[in-house]
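Dear colleague,

Please find below the structure that I am handing over to you, followed by an account of what was found in it. I would be grateful if you would read the notes with the model open beside them.

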Amino acid sequence: MDMEQLRWGIAIAVTGINSIKDIRCRRIYTWLTIGAALAGLFCVCVEWTGASTELLTGVLIGFAVLFLAWVTREAIGYGDGVVLLTLGILLGGSNCFAVAMAAIIASGIWALGLIVFFHKNRKYEIPFIPFLFGGLIWVRCITWL
């Protein structure tokens, strides 16, 4: 198993576990997620090729979501930012951005369906990490092709 497969495996496992926790109680396993981020940093150090732009852009995506969580007074949860920060470390900026965009599109479609068919209002909260998990699976399947 090479390091890329290991990083994707860690990302899928951690995001899958956190998506179940997010659905059940709107929380994440913080220490599991931080441990995955540290494992990602270890993998990056082991396979260092000198290209730090992917790592840097991935980290910036996570920090941008954490900043949005702070600005919106947690309309976007801090847990979403921490998971995206971890995904940025594990997968790099381009894959993290693709996962985030897939999750945003899927959650937008889901929210539209909730509004139209179930008459929910815009204040209705939905967990975002399951959409990150779906986006992660989607992007991994696309990158295998």
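Predicted model: local features only at pLDDT ≥ 70, side-chain atom pairs only at ≥ 80, totals over all residues.

I61 is located in helix α3; helices here are DSSP runs of H or I with at least four residues, strands are runs of E with at least two, and both are numbered from the N terminus. With a relative accessibility of 18%, I61 counts as buried, where buried means under 20% relative accessible area, exposed over 50%, and partly exposed in between, using a 1.4 Å probe and protein chains only. Leaving aside residues up to four places away in sequence, I61 touches G93, C96 and F97, a contact being heavy atoms within 4.5 Å. The C-alpha atoms of I61 and G88 are separated by 6.9 Å, although the two residues are 27 residues apart along the chain.

Residues are numbered from 1 along each chain as its sequence is written, and side-chain values use heavy atoms, with hydrogens and water left out.

Overall architecture

The protein chain contains 6 helices and 0 strands, and from the N terminus its elements follow the order α-α-α-α-α-α. Its radius of gyration is 15 Å, close to the 15 Å that the globule rule gives for 145 residues, so the chain is as compact as a globular protein of that length. The radius is taken over C-alpha atoms, and the globule rule is 2.2 Å times the number of residues to the power 0.38. Along its principal axes, the C-alpha trace spans about 50 × 35 × 25 Å.

Of the 145 residues in the protein chain, 39% are buried. Among contacts with a separation of 6 or more, 70% are between residues 24 or more positions apart. The accessible surface comes to about 8,900 Å², and carbon and sulfur atoms account for 70% of it; these areas come from the Shrake-Rupley method with a 1.4 Å probe, and for residues only the protein chains shown count as cover.

The chain carries 10 positive and 8 negative side chains, and the centres of the two sets lie 13 Å apart. Lys and Arg count as positive and Asp and Glu as negative, whereas His and the chain ends are not counted. Each charge is placed at NZ of Lys, CZ of Arg, CG of Asp or CD of Glu.

V83 belongs to helix α4 and is buried, with a relative accessible area of 2%. Not counting residues up to four places away in sequence, V83 touches T15, N18, I28, T33, I129 and L132. V83 and R27 are 56 residues apart along the chain, and their C-alpha atoms are separated by 11 Å.

A39, in helix α2, is partly exposed at a relative accessible area of 25%. A39 and I89 lie 50 residues apart in sequence and 9.2 Å apart in space, C-alpha to C-alpha.

Aromatic pairs

How many aromatic pairs does the count come to? There are 2 aromatic pairs, given that rings of Phe, Tyr and Trp (its six-membered ring) pair if their centres lie within 6.5 Å, with planes under 30 degrees apart counted as stacked, over 60 as edge-to-face and the rest as tilted. F67 and W70 form a tilted pair, at 5.9 Å centre to centre and 40° between the planes. Both residues lie in helix α3 (residues 53-71), 3 residues apart, about one turn of the helix. W70 is exposed, at 57% relative accessibility.

W110 and F131 also form a tilted pair, at 6.5 Å centre to centre with 55° between the planes. W110 lies in helix α5 (residues 93-118) and F131 in helix α6 (residues 129-144), so this pair ties together parts that are 21 residues apart in sequence. F131 is buried, with a relative accessible area of 16%.

Backbone in two loops

Most residues other than glycine have a negative phi. R26, however, has a positive phi near 55°; R26 sits in the loop between α1 (3-25) and α2 (30-46) and is partly exposed, with a relative accessible area of 43%. E74, likewise not a glycine, has a positive phi of about 70°. E74 is in the loop between α3 and α4 (78-91) and counts as partly exposed at 48% relative accessibility.

With kind regards
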